[in-house]
Amino acid sequence: MAGNAGLPVFDTMIGFPHEGSGQYDFIRKQTKDRESRETFEFPVEYMFKDVPKDLPTSDPVAVTVHEMDRFGIEKGLIVVGDETSRLALKRYPDRFVPSGSVSDPNDVMGSVKAIHRAHDEIGIRATSVFPAGTFPQVPIDDPKMYPIYAACVELGIPIFVCAGVPGPRVPFAPQDVARIDVVMFDFPDLVFVTRHGCEPWEELAVKLMLKWPNLYYSTSAFAPKYYPKAIIDYANTRGADKVLYAGYFPMGLSLERIFTEMPDVPLRDEVWPKFLYDNAARILGMNG
């Protein structure tokens with residue numbers, strides 16, 4: 001029996017089917033190659049196979065809940081920014097955990113006010129940012145990000161940040177993992193969770209997690225067979241409390257693919273509950 005069999009799951013990156021590809025327009029407007037601008041429905045289509053494209057959209061909340069039920073996902077962290085996500089939170093408040101999203105950190109005070117407003121009105125338990133996907137790009141350690149980090153510390157919520165070379169064909173420099181170091185130095189109380197792999201700096205990410213108590217890693221956008229070896233080795237040793245599961249449904253991966261491959265991930269038995277649920281519940285303040 002696999003070490004993860006029957007354990008509850010907390011997915012820290014899950015969403016809902018959308019009709020069309022308009023949600024990716026913010027990436028298209030800054031890409032320059034023809035495929036990204038004219039051909040790809042999904043900006044990283046060249047990287048993923050079997051992207052779940054043809055899901056029904058008449059009741060997207062029901063589609064996601066059905067998939068969650070199939071694979072034992074008790075809770076999912078969702079960005080609450082449209083009608084579908086608000087409906088999901090209303091219909092299933094015990095299944096979905098609200099997060100914000102910093103869409104344009106170039107608007108510094110607008111972003112800070114939006115975080116506070118979403119915290120007061122929706123009760124967000126986290127926020128997130130895609131530095132390479134902002135336009136103009138705003139690096140992880142840019143001064144424009146500092147008021148946003150300060151707001152997260154003040155409210156006691158983590159921030160999930162894409163780090164490493166991004167899939168979309170945009171410059172990677174804003175997401176260089178080395179940039180995280182000074183942020184953690186300046187904000188020792190900030191809970192910072194990386195998304196999307198940290199490649200090719202996974203070993204540096206491990207070194208930084210050893211160094212900074214509030215730095216974490218989530219496995220979003222990676223099929224389990226491609227989880228980096230450095231991350232698995234770290235989770236199995238000193239990092240059992242620092243690595244947490246995140247999927248990528250329905251953006252790029254099906255839950256069926258993820259959980260078909262999951263039993264082959266060589267985590268130790270005692271690490272599985274932390275990886276799949278406990279670490280996420282703790283940093284999102286949902287232990288009690």
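Glutamate 261 touches Ala223, Pro224 and Lys225, leaving aside residues up to four places away in sequence, where contact means heavy atoms within 4.5 Å. The model is a predicted one, in which local features need pLDDT of at least 70 and side-chain atom pairs count only at pLDDT 80 or more, while totals for chains, interfaces and linings use all residues. Residues are numbered from 1 along each chain as its sequence is written, and side-chain values use heavy atoms, with hydrogens and water left out.

Glutamate 261 sits in helix 10 (residues 255-261); helices here are DSSP runs of H or I with at least four residues, strands are runs of E with at least two, and both are numbered from the N terminus. The side chain of glutamate 261 meets that of arginine 257 in a polar contact of 3.0 Å (a pair of N or O atoms within 3.5 Å; within protein, one must be able to donate a hydrogen and the other to accept it, and residues adjacent in sequence count only if both atoms are side-chain atoms). With a relative accessible area of 15%, glutamate 261 is buried, a label for values under 20%, with exposed over 50% and partly exposed in between (1.4 Å probe, protein chains only).

Turning to the whole chain, eleven helices and eight strands make up its secondary structure. Buried residues account for 54% of the 288 residues. The C-alpha atoms fill a box of roughly 50 × 45 × 40 Å along the principal axes. Of the contacts with a separation of 6 or more, 76% link residues 24 or more positions apart.
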